[in-house]
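User: I'd like to learn how to read helix packing in a model. Can you walk me through it?

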Amino acid sequence: MRPASAMRGGAAVALACVLLAGCAQSTGSAGSGAVPGGRAAQEGGKAAAQEARSAKGPTQAAQPYRRWGLTAPLPAPPSPAPPARRQPPPADDRLPVVDRVPTRDQVVFLTYDDGAEKDPRFVDMVRELRLPVSMFLTDSVVGPGYGHFARLRSVGASIQNHTLDHAALRGLPYAGQRAEICGQQNKLRARFGIRPRLFRPPYGTYDATTLRAAARCGITAVVLWRAAMEGDGELTYAKGPGRLRPGDIISVPSGEPTGLSLRERTTRLLREVQRRGLTVGRLEDYV
């Protein structure tokens, strides 16, 4: 029998070894340089977590539609017609006025008015879903927020004309109408280096003087709408059947004091577009 003092000394040494992890069980043979089991498990866990994140990342990136409330991706729109097949721009008061596009392509067109809402996440939505939206801007509504629309333009949105001050044009003299339209053309050129060729009259009202003034300002088509999305997310139709059809131009006003946000309305709209077997096309490719 070993003396009690020796036993106590051995126990103390063993306890010290355990506390210092010097005598912990290794993953290899002694002297092999193996990392102690506890550290190896920790590093293995970190590596597994990194691999899981790496595997998860591409899936999320490949399915951004889920982040925006859709159950499936939007189909890519058809290729636009070659420029040679498009009609030359008309002159003077023979400007076309369109509320829908005569096409067999299964597309509708998303247009946004005024420019009051400037949610940065809407820029993310347009970029990630690759939405070819058209923004009809009013200078007095946009105010100092043109930087937001520069970001939208950088991710694929187009910028179009909706007058300087959102005045109802019908009945105004030619000089006043031209000032509203050409003035916004000049503003947009100064801000973005472009002169839009599409114009939407405020409230959808216009007359022959509007068409003449718009043509003099470099506009090639006046764009109205057949469908509009209200602040509560409901679609209303100006004429024709109460459902979306290929070629429909949809107006989404901004700046609603109550109701759904622009992102929420856009999600509802895209769900209805998909339910009808349609996708979103670029209006400028068809008009």
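User: At what angle do α4 and α9 pack, and how far apart are their axes?

Analyst: The general idea is that two packed helices are described by the angle between their axes and the distance between the axes. This is a predicted model, and in it α4 and helix α9 (residues 262-275) pack at an angle of about 30°, with their axes 9 Å apart. Angles under 35 degrees count as roughly parallel, so α4 and α9 are roughly parallel to each other. The crossing of α4 with α9 is right-handed.

User: Which residues of α4 and α9 meet?

Analyst: From α4 you have Arg121, Phe122, Met125 and Leu129, and they meet Leu262, Arg263, Thr266, Thr267 and Leu270 of α9. Sorted by type, the residues of this contact are five nonpolar, two polar and two charged.

User: Now α4 and α6: at what angle do their axes cross?

Analyst: Read it by angle and distance again. The axes of α4 (residues 120-129) and α6 (residues 146-154) cross at roughly 10° and come within 9 Å. α4 and α6 are therefore roughly parallel to each other, and their crossing is right-handed.

User: What meets what between α4 and α6?

Analyst: On the α4 side, look for Pro120, Phe122, Val123 and Val126; on the α6 side, for His148, Arg151 and Leu152. That contact divides into five nonpolar residues, one polar and one charged.

User: And how many aromatic pairs are found in the whole structure?

Analyst: A pair of aromatic rings is described by the distance of the centres and the angle of the planes. Searching the whole structure turns up three aromatic pairs.

Note on methods
Residues are numbered from 1 along each chain as its sequence is written. This is a predicted model: local features need pLDDT of at least 70, side-chain atom pairs count only at pLDDT 80 or more; totals for chains, interfaces and linings use all residues. Side-chain values use heavy atoms; hydrogens and water are left out. Axes are lines fitted to C-alpha atoms, for helices over the stretch in contact, and angles run from 0 to 180 degrees between N-to-C directions. Helices (H or I, at least four residues) and strands (E, at least two) are DSSP runs, numbered from the N terminus. Angles under 35 degrees count as roughly parallel, over 145 as roughly antiparallel, 65 to 115 as roughly perpendicular and the rest as oblique. A crossing is left-handed if the near helix is turned anticlockwise from the far one by less than a right angle, and right-handed if clockwise. Contact means heavy atoms within 4.5 Å. Ala, Val, Leu, Ile, Met, Phe, Trp, Tyr, Cys and Pro count as nonpolar, Asp, Glu, Lys and Arg as charged, and the others, Gly among them, as polar. Rings of Phe, Tyr and Trp (its six-membered ring) pair if their centres lie within 6.5 Å; planes under 30 degrees apart count as stacked, over 60 as edge-to-face and the rest as tilted.
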